[in-house]
Amino acid sequence: MKQMMTLTTYEQLRAISDPLRTKILMKLLEKPYTGQQLSEQFDLSRAKIHYHLKELEKNGLIEIVKREEKNGIIQKFYQSVARGFTPSVDLLPHSEEIGDATRTILYQMLAETQNRVLSAPAEAFLNAPNEDPADWNHLGSIWEIHATEEQFRDFIKNFFALVNQFKQQVNQHSDSKKKLYHLSAYGFEVETPMFEDPLEVDD
């Protein structure tokens with residue numbers, strides 16, 4: 001599975017904008033599923049799931065990764081072709097559709113994170129009894145900062161560099177004490193502040 005796929009056609013953009021297809025796509029990021037398994041996951045008819053799978057497959061967003069025979073029936077397992085999707089510059093004239101697609105994807109990512117929060121063990125949220133983040137065992141905070149678009153893009157670049165550095169560090173060593181951590185991040189422009197006094201970034 002690729003890390004990122006560039007959407008190059010308007011049809012791909014439309015396909016990924018559908019909320020149910022986005023849910024299916026997010027599920028297929030986890031592991032391969034058959035249409036029957038997805039039907040059970042979402043409590044929807046196989047015909048409806050099959051229709052949306054075909055739309056996603058037709059537009060190159062998912063693919064069949066294996067086939068298995070069960071009771072004389074060939075089962076097809078689908079999986080997403082990438083972990084993330086981004087529009088090409090050729091699609092910029094369709095800015096409203098791009099915004100809708102991105103909003104739908106972020107919303108589904110948020111829903112998945114909510115599920116992970118609810119299913120995490122209680123000890124995942126037991127911070128050390130002090131105000132030093134270095135002693136915390138989980139990350140959760142909301143920030144609103146006045147900054148230029150260029151400053152925000154630099155932050156995104158540095159954030160991904162930090163995550164990649166973290167991945168490289170933990171992958172260098174095999175340790176039986178390792179635990180699995182779920183990381184989610186969201187950042188986007190808003191029109192009205194949540195806080196009375198948003199933070200300022202100096203130029």
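What follows is a chat about a predicted model.

Visitor: Which helices pack against each other, and at what angle?

Guide: Helix α1, residues 10-17, packs with helix α2, residues 19-30, at an angle of about 85°. Their axes are 5 Å apart.

Visitor: Parallel or perpendicular, then?

Guide: Roughly perpendicular, because angles of 65 to 115 degrees count that way.

Visitor: Which residues make the contact?

Guide: From α1 they are R14, A15, I16 and S17. From α2 they are P19, R21, T22 and L25. The residues of this contact divide into four nonpolar, two polar and two charged.

Visitor: New topic. Which residues touch the most other members in the largest nonpolar core?

Guide: I16, I24, L28, L53, L61 and F85 do, in a core of 24 residues.

Visitor: Which elements supply at least two residues of this core?

Guide: β1 (5-7), α1, α2, α4 (46-58) and α5 each do. The most comes from α2, which gives four residues.

Visitor: What does L28 touch?

Guide: Setting aside residues up to four places away in sequence, L28 touches M1, Y33, L38, L53, I62, Y78, Q79 and S80. L53 is also among the core residues that touch the most other members.

Visitor: On to α5. How many residues does it have, and how far does it reach?

Guide: α5 has 25 residues and reaches 36 Å from its first C-alpha to its last. That is close to the 36 Å expected at 1.5 Å a residue.

Visitor: Which residues of α5 are buried?

Guide: I98, A101, T104, I105, Q108 and T113.

Visitor: What covers the buried residues of α5?

Guide: The cover includes α1, α2 and β4.

Visitor: Where is S88?

Guide: S88 is in the loop between β4 (85-87) and α5 (95-119).

Visitor: Is S88 buried or exposed?

Guide: Buried, because its relative accessibility is 11% and the cut-off is under 20%. Apart from residues up to four places away in sequence, S88 touches T6, L7 and T8.

Visitor: And where is H94?

Guide: H94 also lies in the loop between β4 and α5. H94 counts as partly exposed, at 27% relative accessibility.

Visitor: What is H94 in contact with?

Guide: Leaving out neighbours within four places in sequence, H94 is in contact with Y10 and L13.

Visitor: How far apart are H94 and Y33?

Guide: Their C-alpha atoms are separated by 32 Å, and the two residues are 61 residues apart along the chain.

Methods:
Residues are numbered from 1 along each chain as its sequence is written. This is a predicted model: local features need pLDDT of at least 70, side-chain atom pairs count only at pLDDT 80 or more; totals for chains, interfaces and linings use all residues. Side-chain values use heavy atoms; hydrogens and water are left out. Buried means under 20% relative accessible area, exposed over 50%, partly exposed in between (1.4 Å probe, protein chains only). Contact means heavy atoms within 4.5 Å. Axes are lines fitted to C-alpha atoms, for helices over the stretch in contact, and angles run from 0 to 180 degrees between N-to-C directions. Angles under 35 degrees count as roughly parallel, over 145 as roughly antiparallel, 65 to 115 as roughly perpendicular and the rest as oblique. Ala, Val, Leu, Ile, Met, Phe, Trp, Tyr, Cys and Pro count as nonpolar, Asp, Glu, Lys and Arg as charged, and the others, Gly among them, as polar. A nonpolar core is a set of buried Ala, Val, Leu, Ile, Met, Phe, Trp, Tyr and Cys residues joined through side-chain atoms within 4.5 Å. The expected span of a helix is 1.5 Å times one less than its number of residues.
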